[in-house]
Amino acid sequence: MKPSPTRPPTPTPMDEPDAVSDLGAPTDVPGWTGSPLVALESTLIAQGLPWPDNLATALEAQRAVAESGAEGRTLAILEGKPRLGLSVEELEGMARRGSSRFRKAARRDLAAALALGWDAATTVSATLFLARRAGIRVMATGGLGGVHRGWTERPDLSGDLLELADAHGCVVVCSGFKSILDLPATLEALETLGVALVGYCTDDLPAFTERSSGLPVPARVETPDQIAKIVRAHRTLGLPGAIVVVQPVDQAVALEDRLAREALDEALIDAERQGVHGAALTPFLLGRLRDRTGGASLIANRRLIVDNARLAGAIAVALAGTGT
Ligand code: PSU
Ligand code: MN
C-alpha cells in the first residue's frame, strides 16, 4: 500500500489577527463618528493629580487630541460598566471624588470591577486592554509603570509591563516611565518582553518630569508619519508587543535634575518610613514629589500629559492615512 502523502502544514500568515488586539477598526465604541480614536487613561485623574488640576488636565488632553484631528476618549469603569468615553459631568465627578470613590483598576482587576459593580479609574494596563478590545489602538498617558526601586528586596513590577507585552501593534505615547522607578531595570524588562521603544525627537529615554534619564532609546524619529511607518512594519511582522513612543516634557517646565533627584530621595524615604507599598505607592510618591518640588512637578506632569495626547492624536491620524 502506498503511504498517503502527508499534507503540508497550512501556512499561518504572520499577521493573523488575534481576538483581542487585532481588530482593524473600532467595532464597539458608542457614538464613534469615524475619526481616529485615542484612548486616555483615568488613573491619573482619580489617583495621580489633585483636584482641580485633574479635571483641567483631562479636558485639556481631550482638546489636544481633537486639535490633532482625532477624538480622545477617556476610559473608566462606572458602576461596573466599562466606558469608552466619559461626559464632562462624569469626568468632573471622577475628578472631585478621586480615590475616595474610585478604585484604581489594573488589568487584573477588570473582572472583579465588572462583576462587583465598581466605580474605578483604569491604569495604563486596564485602559490599553479595554481600548484594544474595542479596536482603539493608540493611547496616551503621562508616565508608564515599570520595575519599582528596591525590587530585589520587594519585587514590584507594574502590570503595565505585561499588558504592553500583549498589546500587539498598539501605540502608547508617554514621557517614559515614572522617575520613581528603577529605570535601567525597567528598560531591561521591556527588552525581554519584546516591547518596541521609539524616541520622538530624542535619543534619550525621558524620565517623566525630567527630559532625560541618561539612558538611550533604540530608535529615534522626528515625525508622526515615521512612527506610523514603524507601526505598520511592526503589525505586518505580527510582532506581539506594543510600541511605546516616548516624548520628553517641554523644556520650559521640565524639572531640573538635582531638584528632582533630591525630592525623589526624600519621597522614597517617606514611603519606607510609613510602610507604603503595592498599588498605593505610585500615588503616594507622586503626591510627595508635588509637595517637595513646591508644585513644579505638578506643572510638568500636567503639561506632558497634554502634549502626549496631542502627539497621540497626530499618530492616530497618520495611521488612519496609511490605512492601518
Ligand atoms: N502616570 C501619571 N500618573 C499616574 C499614573 C501614571 O502621570 O497616576 C498611573 C498609571 O495609571 C499607571 C499606574 O498605569 O500609575 C501604574 O501604577 P503601578 O505602579 O501601581 O502599576
Ligand atoms: Mn505595583
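A: Start with the fold as a whole. Among contacts in the chain between residues at least 6 apart in sequence, 77% join residues at least 24 apart. The model is predicted. The chain holds 11 helices and 10 strands. Of its 324 residues, 51% count as buried. The radius of gyration is 20 Å, which agrees with the value near 20 Å for a compact globule of 324 residues. The C-alpha trace spans about 85 × 40 × 40 Å along its principal axes.

Now the helix: H10, residues 281-292. H10 has 12 residues. From first C-alpha to last it reaches 16 Å, close to the 16 Å expected at 1.5 Å a residue. Its buried residues are Thr282, Leu285, Leu286, Arg288, Leu289 and Arg290. Their cover includes H1, helix H9 (257-274) and helix H11 (296-321). After H10 comes glycine 294, with a positive phi near 60°.

Next, the ligand. H10 supplies at least two residues of the shell around ligand 1, as do helix H1 (43-48) and helix H6 (159-166). H1 gives the most, with four residues.

The shell around ligand 1 counts 19 residues. Thr43, Gly48, Gly142, Gly145 and Ser158 come nearest. By class, the shell has 12 polar, four nonpolar and three charged residues.

Conventions
Residues numbered from 1 in each chain as written. Chains lettered and ligands numbered in written order. Predicted model: local features only at pLDDT ≥ 70, side-chain atom pairs only at ≥ 80, totals over all residues. Near = placed C-beta within 6 Å. Nonpolar A, V, L, I, M, F, W, Y, C, P; charged D, E, K, R; others polar. Rg over C-alpha atoms; globule rule 2.2 N^0.38 Å. Buried ≥ 20, exposed ≤ 12 C-beta atoms within 10 Å, placed from the backbone. Contact = placed C-beta atoms within 7 Å. Expected span 1.5 Å × (residues − 1).
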